[in-house]
Amino acid sequence: MARKISILIVDDEESVRDSLYNWFIEDGYRVACAGDAKKALSILESDPYDIILADIKMLGMDGLEMLRRIKSIRKESIVIMMTAFATVDTAVQALKDGAYDYVTKPFDPDDLSHLIRNASKQISLAEENELLREKVVSLENVENLVGSSDAMRRVLKEIESVAQSNASVIITGESGTGKELVARAIHANSPRRFFPLVSVHCGALTESLLESELFGHEKGAFTGAVFNRKGRFEMADSGTIFLDEIATISPKMQVELLRVLETKSFVRVGGNKEITSDFRVICATNRDLKSMVEKGLFREDLYYRLNVVNIHVPPLRERIEDIPQLVDYFIGKYCATMNKPLITLESGVLKRLEEFSFPGNIRELENMIERAIVVGNGRKITLKDLPLGKETISTTVESLEDLEKNHISHILTKYSWNISAAAKALKVDRVTLYNKIKKYDLSQR
Amino acid sequence: MDLEDITLISFGYFDEELLKKIAPDISREFFYPVKTKSGNLDLSEFFDPSRKQYNGTTLLKKIDTEFATDHSKTLGLFSIDLFIPILTYIFGQAFLNGRIGIASVYRLSNERYGIKTDEKILLERFRKEAIHELGHMFGLIHCSDPVCVMRSSTYVEDIDQKYHSLCPICSRQLKSNSTDG
């Protein structure tokens, strides 16, 4: 049930206070009266009334001064000024000082009802808005980034420091490490959080489709363009645009993207009107953009334009200590989704998970847990429910070289970069291991 | 003190027959016997020459001191233009959960708005207004049901749209108010 709106009547005439009091009480509002501004301010200190209906001319502090004081304490208060002697100057002053409305006594009963009804509606909308804002913030919180390892703490710190700025960010990391979650966390903690976060998966679109997707198109720009369509840059106005798999865009799109980033303006496909949009850009890639620049595959100017801040999301094998927390998180998530009671891991399962290399990173772990909850006995996740024995096929691991690189990296991490121990485990000599480290450009992060 | 009845008192040039016509409906809504009588009051002391209207707030206080009793809900009925200091006019006024209220037929008649006289419509409006004010005196606040008699009405058109009875929610509330004492 909706809460009762409260009204404070401030007037030095008792008959006015009484009439208004009776009128509002009959309407079901919570009402209180004050005979002067001083008393009203002291009431408001302990009880912030939703609507304050105040006379302008009062002995002692006048209504306008009281309005200024109320607004300095609680900006969102709705103050309606009343006067028996209306002048344009006082009306303008009252509205300038933040009054919601200004009415001349006596009022028409219908005007008074409308005024209070509209003010009540504004209060309900503001409260609803506040509630929704809180919901949005809790939905897109950094808390969705699970993990307390040093590597993850470093990422969270970087998110925190970069969120408040407008700087472009490149998020790097292997596939499945949670780059989009990082982008969402940056947006959710930035001043742009109440505006849209628009995601574009550049790798999934052809050049012409990506162009139309990013810049929008005018009706008739190409076959099938039967309506005008806003582009993603336009939709991200005042918000953030997240360009995933940025390394996949063509040289032509790189030029266009650079121009948009520099001017924050563009023209829809088939159009001629310059459109401006205020957006922040966050990109993500699982490729080494720097080496792509060196090889001439990615424009250097665009690289530097995008790479103002770089956040590297570590692969799961470099933050094994986060696995128990992640497992708990996914068990909680999927048991709730599937309406099942919370289940636990059979002894020994966690150890096996920690030993696994997870080439598909967190996405792979998440899928594994989801599958185990679906196929399992509903009480405990056993080794049988997890495809750890077989080599899982990851979307990123396509070649034998990738597989070798991941395995060596995993073993090095496991033995804390003790070369002798890692070489022994891999059954190769130390020189071979050094050569492999050099070949795959592996380093201790 | 236990409530025994509802008293309707007409003041000034007022057709007492009107009271007798609405009494059964009032009794049916509030479950109390209804008494009707005419009262003597010099209305000139409530007249405000600057507004050419009668002050409802002071009138209400007068009725409270001179005509009301604790055993009865007393509704004073007039044919004068009523106002309260903050509003340009009122159809009636009552104290929420109080023992007195007032209502006037002055702004309820068609001719006030340049339309042909219709006694039937006037009686209907008057019946609704009296039940509405008595509703407040029995602790009911304005209702959002568009046809409930407790719906707030600032124009006669609003009065015409509602019934002269309480909606189920207000009826329940009335019963609960009576039980609470």
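Helices (H or I, at least four residues) and strands (E, at least two) are taken here as DSSP runs, numbered from the N terminus. On that basis chain A has 18 helices and 16 strands. The model is a predicted one, in which local features need pLDDT of at least 70 and side-chain atom pairs count only at pLDDT 80 or more, while totals for chains, interfaces and linings use all residues. Residues are numbered from 1 along each chain as its sequence is written, and chains are lettered from A and ligands numbered from 1 in the order in which they are written.

Of the 445 residues in chain A, 34% are buried, a residue being buried if 20 or more other C-beta atoms, placed from the backbone, lie within 10 Å of its own. Two residues are in contact if their C-beta atoms, again placed from the backbone, lie within 7 Å. Among the contacts in chain A with a separation of 6 or more, 70% join residues 24 or more positions apart.

A nonpolar core is a set of buried Ala, Val, Leu, Ile, Met, Phe, Trp, Tyr and Cys residues joined through C-beta atoms within 7 Å. The largest such core has 82 residues, and Ile7(A), Ile51(A) and Ala54(A) have the most contacts inside it. Leaving aside residues up to four places away in sequence, Ile51(A) touches Ile5(A), Ile7(A), Ile78(A), Ile80(A), Ile116(A) and Ala119(A). Another core, of 39 residues, lies apart from the largest one and includes Ala183(A), Ala188(A), Val200(A) and Leu214(A).

Helix α6 (residues 150-163) and helix α7 (residues 179-188) of chain A have axes that come within 8 Å and cross at roughly 40°, where axes are lines fitted to C-alpha atoms over the stretch in contact and angles run from 0 to 180 degrees between N-to-C directions. α6(A) is therefore oblique to α7(A), since angles under 35 degrees count as roughly parallel, over 145 as roughly antiparallel, 65 to 115 as roughly perpendicular and the rest as oblique. Val155(A), Ile159(A), Val162(A) and Ala163(A) of α6(A) meet Val182(A), Ala185(A) and Ile186(A) of α7(A).

Helix α16 (residues 400-414) and helix α17 (residues 419-426) of chain A pack at about 130°, with their axes 9 Å apart, and α16(A) is therefore oblique to α17(A).

Finally, the contact between the chains takes 18 residues from chain A and 16 residues from chain B. On the side of chain A that touches chain B, α1(A) gives the most, with 8 residues.

Technical notes
Buried ≥ 20, exposed ≤ 12 C-beta atoms within 10 Å, placed from the backbone.
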